[in-house]
Amino acid sequence: MRKDYKLEKRKYFIGGIFTLIVVLYLVRLGELQLFETKYKESADSNAFFRKTIYPSRGMMYDRNGELVVYNQPAYDIQMIPREVHDFDTLDFCKALQISPDALRKRFADIKNKKLNPGYSSYTPQTVISHLTAQDYGRIQEKLYRFDGFFIQKKVIRQYNHIAAANVLGNIREVNKNEIKRDNYYAAGDYTGDLGIEKSYEHILRGEKGQEILIRDAHGRIKGRYNNGSLDVAPVSGKDITLSLDIELQKYGEELMQNKIGAIVAIEPETGEVLAMVSSPTYNPTLLTGRQRGKNYRELNNNLYLPLFDRSLMAAYPPGSTFKPTQGLIFLQENIIDSNTMFPCFHGYVSGGLRVGCHTHGAPLSLKPAIQTSCNAYFCWGLKTMLDSKRSRYGSVSDVFEVWKNHLVSMGYGYKLGIDLPSESRGFIPNSKYYSKVYGENRWSANTIISIAIGQGEILATPLQIANLCATIANRGHFITPHVVKAIKGDTIPSIYTQPRFTTIDTKYYNEIVEGMRMAVTGGTCRMANIPGLDVCGKTGTAQNPHGRDHSVFMGFAPMDNPKIAVCVYVENAGFGATYGVPIGSLIIEKYLNGEISSQRQYIEENMKHSNTIIYSGIKKR
């Protein structure tokens, strides 16, 4: 009985082992069939060659139909590592005029899965990208000598105009993180980097196609599989029409030569950006071709930061261009009316505090205060609001939140949402910020009075200042600024077509518009007084604790039915009337009239040939 029991137990044990072995084989077989691609790739690569066909990238045109960005064929040398045999390194390097060490490093990088995730010896790997026409000609004749190597056709960007580099952006090879995030990409593919190329990448890139080619036993291509019935044609990227006027853009860049700063011009009715200049800028062709990496490093290390788009990334004190926002808030909150006067004894003086001002008549009301850019008027306005509104809103902190929320509705303190990457939000403090700095209920109007004139903690981008100008021109609303006007076969997002209204009643904007017109006809913006254009403007001299003051101007024209609103910001250039006003007025005149009148050409020459970088404090190495 005991013997039979042992035999029975042994039978189950042996059966269990066989069952386990069968299960393990089945699991491994399933793993090989479902998850392991190496053997499938090996089998496929013996019989087939799947060649990627890259689509044509969408082209870019300016608002007048002028071609700005287009494509040019480019050629990459690729290889399938397992098919490389008897490779003559010296012959290959001689044909392409590269060093053997550089090639060996490239091979090592290709096999490094940290640098090249998804590497497989059965799939194409990019060895050298962006062959020149000469290199392509030389290697094409010798390519038959190098088993496993082939040429992959792609496209690189070309530019009809040396302008708008920061807006347009560029393309570069994808990195490992982008490959992980989006399975569209494979090693060696290109993607948009900076500007429109980045923000509209999914529109511009199109869809890749594929050819399936048959191999013989020796790996030689014998033709298309099944007569190409399984091939997939590429789909070209969509063309884009920019809102930019490329000629105005080039003109703005010319005016800003040897200056640090920005110009932003907007069509108020549509929110379309007409020009977006960041200075210093760079030649967009530098970031194409084989020298892209080297040129990018040089630009990135440049002391003047040409890759930094000051038009939407730099946050500056807006200075006196901020004063119209204060007038609007004071009118809306019944702090003042059009006849309310405040004193100015060459500045604001209260409780031992003094904020200086320049000589002009006093006391004065709102419109003359804008005309003369009176500091005292707007300081008294903010003090009156924060002091007198407490009974209605509660504490000074509560009143301050009312003030801040009006500014947010005008596009300050947060990103506007332009269709470009890396927009800065600027800075508008809230009451919590001041309570943290000074203590709860331990601050008052006099503590923070400099914000009334666009100084202190207030920061804004040139884009935000231009947008404020467009909002005033529209008498109380704006459309989110955007640089793409149309997409072929598609529509632009509704955010770029729907108006955004401020918290200020429309009727109050007329007071500000008239004050800005007075500033041009007989105030701080007289150089912008162009016959027949009815320009309205506001200067700003933004204090700079690190050196010379910044020169700022915002203006629009015509006064009624405006076609252009512009902001000019020139770092370390002194008074707003010295550089901001003349440059802004030239941009307005050029756009509306198409040329600069003979009477004003001396202003144009002065601006083109002036140099304010010398005041920046940056010492070029």
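**Close-up 1. The buried residues of helix 13.** In this predicted model, Lys-323, Pro-324, Thr-325, Gln-326, Gly-327, Leu-328, Ile-329, Phe-330 and Leu-331 are the buried residues of helix 13; buried means under 20% relative accessible area, exposed over 50%, and partly exposed in between, with a 1.4 Å probe and protein chains only. That makes nine of the 10 residues buried, so helix 13 is largely enclosed by the rest of the structure. Helices here are DSSP runs of H or I with at least four residues, strands are runs of E with at least two, and both are numbered from the N terminus. After helix 13 comes Asn-334, with a positive phi near 60°.

A word on the ground rules: local features need pLDDT of at least 70 and side-chain atom pairs count only at pLDDT 80 or more, while totals for chains, interfaces and linings use all residues. Residues are numbered from 1 along each chain as its sequence is written, and side-chain values use heavy atoms, with hydrogens and water left out.

**Close-up 2. Helix 13 against helix 20.** Two packed helices are described by the angle between their axes and the distance between the axes. For helix 13 (residues 323–332) and helix 20 (residues 506–522), the angle is about 140° and the axes sit 10 Å apart. (Axes are lines fitted to C-alpha atoms, for helices over the stretch in contact, and angles run from 0 to 180 degrees between N-to-C directions.) That makes helix 13 oblique to helix 20; angles under 35 degrees count as roughly parallel, over 145 as roughly antiparallel, 65 to 115 as roughly perpendicular, and the rest as oblique. The crossing of this pair, helix 13 and helix 20, is right-handed, where right-handed means the near helix is turned clockwise from the far one by less than a right angle, and left-handed means anticlockwise. On the helix 13 side, Pro-324, Gly-327, Leu-328, Leu-331 and Gln-332 meet Tyr-508, Tyr-509, Glu-511 and Ile-512 of helix 20; contact means heavy atoms within 4.5 Å. Sorted by class, the contact of helix 13 with helix 20 has six nonpolar, two polar and one charged residues. (Ala, Val, Leu, Ile, Met, Phe, Trp, Tyr, Cys and Pro count as nonpolar, Asp, Glu, Lys and Arg as charged, and the others, Gly among them, as polar.)

**Close-up 3. Helix 13 against helix 15.** Helix 13 also packs with helix 15 (residues 375–388), at an angle of about 40° and with the axes 10 Å apart. Helix 13 and helix 15 are therefore oblique to each other, and helix 13 passes helix 15 in a left-handed crossing. From helix 13, the contact draws on Lys-323, Gln-326, Gly-327, Ile-329 and Phe-330; from helix 15, on Asn-375, Phe-378, Gly-381, Leu-382 and Met-385. Those residues of the contact of helix 13 with helix 15 split into five nonpolar, four polar and one charged.

Close-up 4. Side chains of opposite charge can pair when their charged atoms come close. The structure holds 28 salt bridges, each being a side-chain nitrogen of Lys or Arg within 4 Å of a carboxyl oxygen of Asp or Glu. One of them joins the side chains of Arg-57 and Glu-197, at 2.9 Å from N to O. This pair ties together distant parts of the chain, 140 residues apart: Arg-57 is in the loop between strand 1 (48–53) and strand 2 (60–61), and Glu-197 is in helix 8 (residues 195–199). Arg-57 counts as buried at 6% relative accessibility, and Glu-197 counts as buried at 0%.

**Close-up 5. Two further salt bridges.** Arg-172 pairs with Glu-178 in a salt bridge whose closest N and O atoms are 2.6 Å apart; Glu-178, at 11% relative accessibility, counts as buried. Glu-247 and Lys-250 also meet through their side chains in a salt bridge, 3.5 Å from N to O. Both Glu-247 and Lys-250 lie in helix 10 (residues 246–255), three residues apart, or about one turn of the helix. Glu-247 is partly exposed at 45% relative accessible area, and Lys-250 is partly exposed at 29%.

**Close-up 6. Tyr-591 and its contacts.** Tyr-591 belongs to helix 21 (residues 580–593) and is partly exposed, with a relative accessible area of 21%. Setting aside neighbours within four places in sequence, Tyr-591 is in contact with Arg-63, Asp-245, Leu-248, Glu-267, Leu-274, Lys-563 and Ile-564.
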